[in-house]
Amino acid sequence: MILKHLALASFAILSLSACQTTTESEPTPIVNVPFTAPLASDFRSEIAIARYSELLNRADLSPDQQAKLYYDRGVLFDSLGMTTLSRIDFNRAVKLKPDLAEVYNFLGIQHTLMQQYEKAYEFFDSALELDEDHEYAYLNRGIALYYGDRSGIAKTDFSAFLARSPNDPYRVLWVYLADAKVNKEQALVELKTNATALDDSQWAFQLISLFAGDMSEHAFLSGISEGVKSEQEYAQRLCEAYFYLAKLHQAAGDKYLAADYFRLALATNIHEFIEYKYARLELELMAGDDAS
């Protein structure tokens, strides 16, 4: 039984698409997608931010303790979408304790989102120099390279990320996204090979089936609420689904549909998910392409 507010609803996601046509006589089909209310901010995060702020006013804290509090508060600011405040705290943390690998990882993500790719690479390099086993620094450096038009090098980082957990569908998918920019046919072959290590009972396996062409978009959307246990989980799943559907349509040249899916990913308010973060970057890049 589907939870309250999680029912499928008809929603035309084509951006003013009633006016769009594939030919003069054939209208573009309206795509019906599931959606839910944007996820509300967690009040507990706001309370924790207030608590950390009080603690930081204490005079008896060591530099290491201050750095940890700035980092923790920065993570909470980031989870609430307060990017500038989080970056201020992350910069304070590394000044007090320059060996915090996780802080460099967050700063790298933020500079990627600002399209300051060279600076982002430096931060991810620093994170990996401090902790070569920091697997998410490989993912996030790969994403920075991907958006910095270095897809060949990005694949190396995504492959290193995948090697640490070969049964993770999201890792398989990012390898494909980078590889497809270089050689789409070869990327599809590798996608299907990597998929053999996956558990097809995971919901995210459907993303692989979608990109491999083994599942239609309609079937994917129809089954998106299966197994969902809470509204938060549903919003998180939708955030991911919208983003990767956008990437699928973007690759097919359907830029209007892709843009609408990216906007829907942002509408979920799942600020801490990379799919949310990079949906905004994707829209900025698309706007830049349209203006040029």
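A pocket is here an open set of points, on a 1 Å grid over the protein atoms alone, where a 1.4 Å probe fits and protein lies on both sides within 12 Å along at least five of seven lines; its lining residues have an atom within 4 Å of a point. Volume denotes the space filled by probe spheres set on the points, with grid points joined across faces, edges and corners. The structure is a predicted model, in which local features need pLDDT of at least 70 and side-chain atom pairs count only at pLDDT 80 or more, while totals for chains, interfaces and linings use all residues. Residues are numbered from 1 along each chain as its sequence is written, and side-chain values use heavy atoms, with hydrogens and water left out.

The largest pocket holds about 690 Å³ of space. Its lining comprises 26 residues, and those nearest the centre are Lys 247, Gln 250, Ala 251, Glu 282 and Met 286. At least two lining residues are supplied by each of H6, helix H8 (169-182), helix H12 (231-251), H13 and H14; helices are DSSP runs of H or I with at least four residues, numbered from the N terminus. H14 provides the largest share of this lining, seven residues. By class, the lining of the largest pocket consists of 15 nonpolar, two polar and nine charged residues, where Ala, Val, Leu, Ile, Met, Phe, Trp, Tyr, Cys and Pro count as nonpolar, Asp, Glu, Lys and Arg as charged, and the others, Gly among them, as polar.

The second largest pocket contains about 440 Å³ of space. Of the 23 residues that line this pocket, Tyr 136, Leu 139, Glu 272, Phe 273 and Ile 274 lie nearest its centre. Two or more lining residues come from each of helix H2 (63-79), helix H4 (101-113), H6, H8, H12 and H14, with the largest share, four residues, contributed by H4. This lining divides into 11 nonpolar, four polar and eight charged residues.

Positive phi values were also found in two loop residues other than glycine. Asp 149, in the loop between helix H6 (135-147) and helix H7 (151-163), has a positive phi of about 60 degrees. The residue is exposed, with a relative accessible area of 65%. Asn 269 has a phi near 65 degrees and is located in the loop between helix H13 (255-267) and helix H14 (274-291). Asn 269 is partly exposed, at a relative accessible area of 30%; exposed denotes over 50%, buried under 20% and partly exposed the range in between, for a 1.4 Å probe and protein chains only.
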